[in-house]
Amino acid sequence: MSIAPSDRCANRALSIFNTCCLALAAIALGHTAAASRAATVERFVLAQGTRWETPYYVQDTQIEGPTIVILGGVHGNEPAGAGAADQVRHWPVSRGRLIVLPRANQPALRANTRCIPGVKKPRGNLNRNFPKCQGAGLCAGELSTILWRWLRTCRPDWVIDLHEGVQPHQINSKSVGNTVIVYSEGQAKTVAPLLIEAVNSTIDEEKEQFVKITGHIDGCLAKAASAHLGAETMICETTRKLQPLSQRTRQHRVIVHRLLTQLEMLPADASTDWLVDRRREPDRLAVALYDAGGTGGSGVPNLTRLLRAKPHVAVAHVGPPEINDRTLAQFDVVIFPGGSGSRQAKAIGSEGRQAVARFVERGGGYLGICA
C-alpha cells in the first residue's frame, strides 16, 4: 500500500517526536502543574462494554451548590465541544457538583461524522432523539436512551451542551455558529448575556461575535432537559469554518468559565486556560500542539490523528493566547507543525516567543517540524 507524502512526513515527525519524548520524559514529568484545591475527580464509564462506551467525570465538593452537567461530542464532526469538555473536567470547583461527559457520541467522533455511523436518518442524528416536550418522555434510539437515563440520575440544575455551527449566525442566519441558544426561561435567560459578553471580549470582528437566540428544536437534549427535568439549559455553538480548533475550544472554555464564576463555583485564581492536570494523570505525556497562524497543509490534522492514537499521550491544541508561561507549564512538550516559521513567530508575538524559550530553558521539550 502506498503512503502519501504528507503521511510519510507525519510518520517521520512522530518517530522523531517519540525519540524526543523518551529523552525528555524524566525531566519534563517533574514540572509543577497548576495547583488544584479541587474535590477529587472521579472517573466513571457509561455504557461499558458496548459500542457506546465513554468516560465521564464527577467532582462532588459535598458543599451546597448547583449540579452542572457539561456535555461535548453529541455530534461527531464538532470536535471543539468534546475538546473543551475534556479540558473543563480538570477545573477545581469550590461548591456543588461538576459532571462532565466529554465524548457523548464516541462512534460519530471516531468517524468525524455528524450522525451515528450505520444508523439511518432521522435516528442517526443523536440530538433529535431525546424526549419530545409532549408525549410519553421516550427516546428514539439506543444511545439517546442511555444518555437520557444517565442524565436523569445526575439530577442536574444546569445542562450545558457544547456544539459547533458552520458559520457565524450574524454572517449566515441559517447557521447557528457563534451563538448561545437558550432553552429555559429562568436563570439561563438572564445569565446568557454575561456569557456572551465574556466570549465577545476575545473577538474583534463584530460580525463574528456571539449572539443569543432562543432554542426551538424539539427532541434535542437541551430542550428535553428543560421540559422534563426542569434544568436551566443552553447549547453553546462555536464556528468550524476557517477557525482553528484551539480558538473554538477556548471560546467554549471562556463561556463555561464565566458561567461557573457567575454561580460562584470556581476559586478566584481558576484559569480559563487550565487544559490538563498532570497530577491527576501523571503517566500521560502532555503535548501542546500549535494549530493557529502560520501553520499549513495537513500537518496539524495528521499529527493530531497520530498523537491521539497513543493512549499515553494527552494532546491539546493551542493558539497564541495559550503560548504563555502559565499554560505551557502544564505540558511536557510543545510542537510547532510545518508551515511558515516566520508567520508562526509573528502570530505568537514577542511575548509568546519568549515564553517558549523559557519553557525550553526550564526543561520542556520543543519539536519544530518543517515538512
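**How many cavities of 30 Å³ or more does the count come to?** The count comes to one, where a cavity is a set of points on a 1 Å grid over the protein atoms alone at which a 1.4 Å probe fits but cannot get out. Rolling a probe the size of a water molecule over the atoms shows where empty space is left.

The structure is a predicted model, in which local features need pLDDT of at least 70 and side-chain atom pairs count only at pLDDT 80 or more, while totals for chains, interfaces and linings use all residues. Residues are numbered from 1 along each chain as its sequence is written, and side-chain values use heavy atoms, with hydrogens and water left out.

**Figure 1. Overview of the chain.** The chain has 10 helices and 12 strands, taken as DSSP runs (H or I of at least four residues for helices, E of at least two for strands) and numbered from the N terminus. Of its 371 residues, 54% are buried; buried means under 20% relative accessible area, exposed over 50%, and partly exposed in between (1.4 Å probe, protein chains only). Contact denotes heavy atoms within 4.5 Å, and residues 24 or more positions apart account for 77% of the contacts with a separation of 6 or more.

**Figure 2. The largest cavity and its lining.** This cavity holds about 50 Å³ of space, a volume being the space filled by probe spheres set on grid points that are joined across faces, edges and corners. Its lining consists of Val276, Asp277, Arg278, Glu281, Arg284, Ala286 and Ala314, where lining residues have an atom within 4 Å of a point. By class, three of these residues are nonpolar, none is polar and four are charged. Ala, Val, Leu, Ile, Met, Phe, Trp, Tyr, Cys and Pro count as nonpolar, Asp, Glu, Lys and Arg as charged, and the others, Gly among them, as polar.

**Figure 3. The largest pocket.** A pocket is an open set of grid points with protein on both sides within 12 Å along at least five of seven lines, and the largest one has a volume of about 1600 Å³. Among its 47 lining residues, Asp86, Arg103, Thr304, Arg308 and Val315 lie nearest the centre. Strand S1 (41-46), strand S2 (54-60), H2, H3, H7, helix H8 (299-308) and S10 each contribute at least two residues to the lining. The lining comprises 20 nonpolar, 13 polar and 14 charged residues.

**Figure 4. The salt bridge between arginine 114 and glutamate 78.** Their side chains meet at 3.4 Å, N to O; a salt bridge is a side-chain nitrogen of Lys or Arg within 4 Å of a carboxyl oxygen of Asp or Glu. Arginine 114, in the loop between helix H3 (106-111) and helix H4 (142-154), is 36 residues from glutamate 78, in the loop between strand S3 (67-72) and helix H2 (79-88). Arginine 114 is partly exposed at 33% relative accessible area, whereas glutamate 78 is buried at 2%. The whole structure contains 10 salt bridges.

Figure 5. Glutamate 322 pairs with arginine 253 at 3.3 Å, N to O. Glutamate 322 lies in the loop between strand S10 (313-318) and helix H9 (325-328) and arginine 253 in helix H7 (residues 245-262), so the bridge ties together parts 69 residues apart in sequence. Both glutamate 322 and arginine 253 are buried. In a further pair, the closest N and O atoms of arginine 362 and aspartate 325 are 3.9 Å apart. Arginine 362 occupies the loop between helix H10 (341-361) and strand S12 (365-368), 37 residues from aspartate 325 in helix H9. Arginine 362 is exposed at 55% relative accessibility, and aspartate 325 is partly exposed at 31%. Salt bridges with shared partners join Arg250, Arg253, Asp273 and Glu322 into one network.

**Figure 6. Glutamine 262 and its contacts.** Glutamine 262 belongs to helix H7 and is partly exposed, with a relative accessible area of 34%. Apart from neighbours within four places in sequence, glutamine 262 contacts Val191 and Leu194. The C-alpha atoms of glutamine 262 and leucine 194, 68 residues apart along the chain, are separated by 8.6 Å.

Figure 7. The peptide bond from lysine 121 to proline 122 is cis, with omega near 5 degrees, and proline 122 is placed in the loop between H3 and H4. Alanine 47, in the loop between S1 and S2, has a positive phi near 55 degrees although it is a residue other than glycine; alanine 47 is buried at 18% relative accessibility. Glutamate 264, likewise not a glycine, has a positive phi of about 60 degrees. Glutamate 264 lies in the loop between H7 and strand S9 (285-290) and is exposed at 57% relative accessibility.
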